[in-house]
Amino acid sequence: MNGVTSSSKDVIKNTELIVHAPIKANSSLEHLLNHLNPEIPLTIDSRLKEFNLGKMEGMHFEDVAAKWPEVLKNFRHHPDKYDESLVEGESFLEVIARFRAAIEEYCRQYPNGNILVISHGAALNAAINALIGTPLAHLKDRGGLSNTSTTILTTNDDRHFELEKWNDTSYLHKSKVDPTDTI
């Protein structure tokens with residue numbers, strides 16, 4: 001995350017730490033790790049986990065939409081209006097706070113190197129946008145993050161971040177992004 005880089009390959013090549021959310025067996029993660037220097041420290045951090053969606057956990061989106069249409073609409077499009085208490089879930093501000101604490105900690109520990117963060121789309125989208133100063137009401141304005149995409153942030157002080165690249169999937173060589181692949 002620290003230092004300006006021009007490509008995803010440069011980020012990977014100059015990575016000093018890999019930190020990821022607890023993730024079930026994942027072929028994408030395994031594939032990535034097989035292509036990285038095995039000497040790069042790898043850390044699992046529960047602060048980088050996906051949203052706790054409470055009663056919506058494990059449900060299909062169409063079932064959630066039928067039971068809590070306003071909750072789902074606000075989760076997807078209006079984070080400032082999302083009422084997590086209706087489903088006993090986690091708020092955007094809670095997700096952002098735990099992510100921010102983790103990212104700032106790792107940036108202090110590795111002030112001159114790149115940090116590769118691997119996590120889940122909705123939580124990453126909220127956290128990345130918050131780190132660059134996007135107000136809660138506008139977290140979704142930039143669009144979602146596709147699975148296995150790369151987003152690059154830079155910082156010089158581990159507290160203020162700038163967006164260098166958003167949702168890059170060019171290396172996947174897809175002619176079209178599948179909408180079910182983006183949250």
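Modeller: I start at G133, which takes a positive phi of about 90° just after helix 6. Helices (H or I, at least four residues) and strands (E, at least two) are DSSP runs, numbered from the N terminus. The model is a predicted one, in which local features need pLDDT of at least 70 and side-chain atom pairs count only at pLDDT 80 or more, while totals for chains, interfaces and linings use all residues. Residues are numbered from 1 along each chain as its sequence is written, and side-chain values use heavy atoms, with hydrogens and water left out.

Helix 6 (121-131) is the part to look at: eleven of its eleven residues are buried. Buried means under 20% relative accessible area, exposed means over 50%, and partly exposed is in between, with a 1.4 Å probe and protein chains only. The buried residues of helix 6 include G121, N125 and N129 as well as L124, I128 and L131. An α-helix has 3.6 residues a turn, so residues three or four places apart point the same way. The cover over the buried residues of helix 6 includes helix 4, helix 5, strand 3, strand 4 and strand 5. Contact here means heavy atoms within 4.5 Å.

Helix 6 also takes part in the largest nonpolar core. That core has 36 residues, and L48, F51, M56, F75, Y82, F92 and F99 have the most contacts inside it. Strand 1 (15-20), helix 4 (69-77), helix 5, helix 6 and strand 5 (161-168) each supply at least two of its residues. A nonpolar core is a set of buried Ala, Val, Leu, Ile, Met, Phe, Trp, Tyr and Cys residues joined through side-chain atoms within 4.5 Å. In soluble globular proteins, nonpolar side chains tend to be buried together. Not counting residues up to four places away in sequence, Y82 touches L53, M56, V71, N74, F75, V87, E90 and F92. Apart from this core lies another, of six residues, including I18, I40, L116 and I118.

Strand 3 (residues 114-118), one of the elements covering helix 6, is itself mostly covered, with four of its five residues buried. Five bridges join strand 3 to strand 1, and the two run parallel. Within strand 3, L116 is the bridge partner of I18. Three strands form an open, parallel sheet in the order 2-1-3; two strands pair if DSSP finds at least two bridges between them. Strand 2 (42-44) and strand 3 are the edge strands, each pairing on one side only. From one strand to the next, the twist averages 20°.

Helix 5 (residues 92-109), also part of the cover over helix 6, lies across strand 1, strand 2 and strand 3 and runs at about 155° to strand 3. Axes are lines fitted to C-alpha atoms, for helices over the stretch in contact, and angles run from 0 to 180 degrees between N-to-C directions. E94 belongs to helix 5 and counts as partly exposed, at 43% relative accessibility. The C-alpha atoms of E94 and F51 are separated by 9.1 Å, although these residues are 43 apart along the chain.

The loop between strand 4 (150-155) and strand 5 contains D158, which has a positive phi of about 60° although it is not a glycine. D158 counts as buried because its relative accessibility is 17%. Within strand 5 is N167, another residue other than glycine with a positive phi, near 50°. Most residues other than glycine have a negative phi, and most peptide bonds are trans. D168 is also in strand 5 and counts as buried, at 14% relative accessibility. A polar contact of 2.8 Å joins the side chains of D168 and S170. Such a contact is a pair of N or O atoms within 3.5 Å; within protein, one must be able to donate a hydrogen and the other to accept it, and residues adjacent in sequence count only if both atoms are side-chain atoms.

For the chain as a whole, there are six helices and five strands, following the pattern α-β-α-β-α-α-α-β-α-β-β along the sequence. Of its 183 residues, 42% count as buried.

The chain has a mean pLDDT of 87, and 85% of its residues reach 70 or more. Among the elements, helix 5 has the highest mean pLDDT (97) and helix 1 (residues 8-13) the lowest (64). Over residues 1-6 the pLDDT is below 50, and this stretch has 27 contacts in the model beyond near neighbours in sequence.

Notes. pLDDT is the predictor's confidence in each residue, from 0 to 100.
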